[in-house]
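Visitor: I am new to this structure. Could you show me how to read its features, one at a time?

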Amino acid sequence: MPATVVVGAQWGDEGKGKIVDLLAQKSDLVCRYQGGPNAGHTIKVAGETFKIRQIPTGVISGKVSVIGNGCVVDPEVLISELDEIQARGYPTEMVCLSGNAHLIMPWHLAIDQASERRLGRLQIGTTKRGIGPAYADKALRIGIRVQDILDDKILRQKIEVALLEKNRWLERVYEAPPLDLDEIAERYEEYAKRLRPYVKDSSLIVDRALKEGKRVLFEGAQGTLLDLDHGTYPFVTSSNPVASGAATGVGVGPNRIDQVLGVAKAYVTRVGEGPFPSEIEGPGQQQVRVAGGEYGTVTGRERRCGWLDLVALRYAARLSGFTALALTKLDVLSGLPSVKMCVAYEIGGVRREQVPLSLTEFEAAKPVYEQVEGGKEDISSAREFGDLPKAARKYVQMIEEVTAVEVSLVSVGPDRNQTIVRKNPFRA
C-alpha cells in the first residue's frame, strides 16, 4: 500500500514522531502536510535524541523529506535545523520545500506575541511562534510564499508592501515598536540564498512517486482535536491536521490515500487552554506528567494530563477514517496504583456517548469513568503482544472494542525498537 497518513488522534503530542520514524524505515518519501515550527517531534535512535520542528522526520532515515504547501515555514528555524542535522553527520539534500508553502515573517511573531498579551485571561494559549498570523495572511491572500525567495526584487517588494500595513497594526493596535524594512529585507535575502536549492514542485515529486508505486508517508502535526474546523475552536491550531488535510497540504488527490494510522497515547495530554473533560485532578496529574516526560518539545511547557478519553478518540476516528491505531506510551501507565478510561460524558445530568456540538457543552462535560486494572510490571522489554501482562492486553483490547479500530502498533518505550508490531501497516 503506497500512501499512508499518520495523524494525531488527540490534542497533539501523541508520539507521532516515533511512529513516523519507525514507518519511515519502509518508506521512500516522508511528507509533512501542515503546521509549522510550533509542533516538535522527539525521536530517539541508537542512543541519539533528535528534536525536530520543521523538517519531516524522514530526514533522519535518509528519505526524501517533503515540506508541503500546507505548511508555514520559519526560514530561520529551518536553516538552523538543516545546519544541526548536517553537523551530526546526516545529509539534507533530500529535503524538498514546496514553493507554495507560506513564510512566517517577523511581523507574524510580533503580532502573535502582542495579541496573546492583549487578550490576557482570554488568551488562546498559542506557542507565540507566528503560526496563526501566517495562516491568517494566507487566507487574506497577502502572505509571502516560499517561491517569492527565488527573486530578490519580488521578495523585497512584498516585504515593503506588507510592512506598510503591519507596522500600523503593531504601533496603533498593539502599541509595539515598528519593524525596519531594510533589516528584514537583508535578513530574508540571506535566508533565500540558503533555501533556494531546496525549493521544488513538491506536488509533482509526490505524484510521480505514487505513480511509480513508491511508499509515501504523510506526516501531520498537532492532532485531530486541534483541527481548525473540527477541534475545540477557538482553542485549536490554524490548519487541518485531520487525514484529509494531507491531500490538500501536499497536492495530491484524496483517492491516492490508502491507509490512515491514528496515533493516540495510552492517556491524554493537551497544551494551552480549552476543554479537557478527562483531565486528572490532584497530585495524580503530576505523577503522570513526570512519568511520561510531558513537557513541550518546542516550548518546554507543562502538558495537562488526563485519562484516556474514548469518546474523543471515537470522534477522531470518525473524522479521519482511521484504518488502524498506534498506541504510544503504554509503559507510562505501568506502576500507577489505578487507571481509568473515560467512556462517556455527563452533561446537565444526561449521559452522552458523543462529543457535544457546542464548546459550551464541551466545557461543561464531566467524565464518566470505567476503572481498569493497573499493572506493576515493567513492559519496556516486550516485543510481542503476548509478552504484555494480561491487564495491558485487556487495556488495548478495550480500546479496539470501543473505537472499532484495530491497534496495530503498541509503543512500550521511546526507542524505535521498543514497539510491538501486531500488524505491519504497509501490508494490505
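Guide: Start with one term. A residue is called buried when its relative accessible area is under 20%. Keep in mind that this is a predicted model.

Visitor: How many residues of helix α10 are buried?

Guide: Nine of the 11 residues in α10, which spans residues 310-320, are buried, so the rest of the structure largely encloses this helix. The buried ones are Leu310, Val311, Ala312, Leu313, Arg314, Tyr315, Ala316, Ala317 and Ser320.

Visitor: What do the buried residues of α10 pack against?

Guide: They pack against strands β1, β11, β14 (308-309), β15 and β16 (339-347), and against helix α12 (390-403). Take Val311, which lies in α10. Val311 has 0% relative accessibility, so it counts as buried. Leave aside neighbours within four places in sequence. Val311 then contacts Cys342, Val343, Ala344, Tyr345, Glu353, Gln354 and Val355. For a sense of distance, compare Val311 with Phe50. The two are 261 residues apart in sequence, and their C-alpha atoms are 33 Å apart in space.

Visitor: How should I read burial along a helix?

Guide: An α-helix has 3.6 residues a turn, so residues three or four places apart point the same way. Now look at helix α7, residues 202-211. Its buried residues are Ser202, Val206, Asp207, Ala209 and Leu210. Seen down the axis of α7, these residues fall within an arc of 160°, so they line one face of the helix. Just after α7 comes Gly213, with a positive phi of about 80°.

Visitor: In what order do the strands of the open sheet run?

Guide: The open sheet has 10 strands, in the order β9-β7-β5-β2-β10-β1-β11-β15-β19-β20, and its pairing is mixed. The edges are β9 (199-200) and β20 (419-421). Each has a single partner strand, so one side of each is left without a neighbour in the sheet.

Visitor: Which helix packs on this sheet?

Guide: Helix α1, residues 16-24, does. It touches β1 (3-8), β2 (29-32), β10 (216-219), β11 (259-265), β15, β19 and β20. The directions of α1 and β1 make an angle of about 165°.

Visitor: How are β15 and β19 joined?

Guide: Three bridges join β15 (residues 324-328) to β19 (residues 407-411), and the two strands run parallel.

Visitor: Is Asp21 buried or exposed?

Guide: Asp21 is buried, with a relative accessible area of 1%. Asp21 sits in helix α1. Not counting residues up to four places away in sequence, Asp21 touches Ile43, Val45, Thr57, Ser61 and Arg416.

Visitor: Which strand stands opposite Val45 through Glu48?

Guide: That strand is β4. Five bridges join β3 (residues 41-45) to β4 (residues 48-52), and these strands run antiparallel. Together β3 and β4 form a hairpin with two residues between them. Ala46 in the turn has a positive phi of about 50°.

Visitor: How do I describe two packed helices?

Guide: Two packed helices are described by the angle between their axes and the distance between the axes. Helix α5 (residues 152-173) and helix α6 (residues 181-195) pack at an angle of about 145°, with axes 10 Å apart. The crossing of α5 past α6 is right-handed.

Visitor: Which residues of α5 and α6 meet?

Guide: From α5 come Asp152, Leu155, Arg156, Ile159, Glu160 and Leu163. From α6 come Leu181, Asp182, Ile184, Ala185, Tyr188 and Glu189. The residues of this contact divide into seven nonpolar, no polar and five charged.

Visitor: What should I look for in the backbone?

Guide: Most residues other than glycine have a negative phi, and most peptide bonds are trans. Look for departures from that. Arg141 is not a glycine, yet has a positive phi of about 65°. Arg141 lies in the loop between α4 (131-140) and α5. It is exposed, with a relative accessible area of 77%. Lys329 is not a glycine either, and has a positive phi of about 55°. Lys329 lies in the loop between β15 and β16. It is partly exposed, with a relative accessible area of 22%.

Visitor: Where is there a cis peptide bond?

Guide: A cis peptide bond joins Tyr233 and Pro234, with omega about 10°. Pro234 is in the loop between β10 and α8 (245-250).

Conventions: Residues numbered from 1 in each chain as written. Predicted model: local features only at pLDDT ≥ 70, side-chain atom pairs only at ≥ 80, totals over all residues. Heavy atoms only, no water. Pairing = 2+ DSSP bridges. Helix = DSSP H or I, 4+ residues; strand = E, 2+ residues; numbered from the N terminus. Contact = heavy atoms within 4.5 Å. Axes fitted to C-alpha atoms, helices over the stretch in contact; angles between N-to-C directions. Buried < 20%, exposed > 50% of the residue type's maximum accessible area, 1.4 Å probe, protein only. Arc of directions from axis to C-beta. Left-handed = near helix turned anticlockwise from the far one by under 90°. Nonpolar A, V, L, I, M, F, W, Y, C, P; charged D, E, K, R; others polar.
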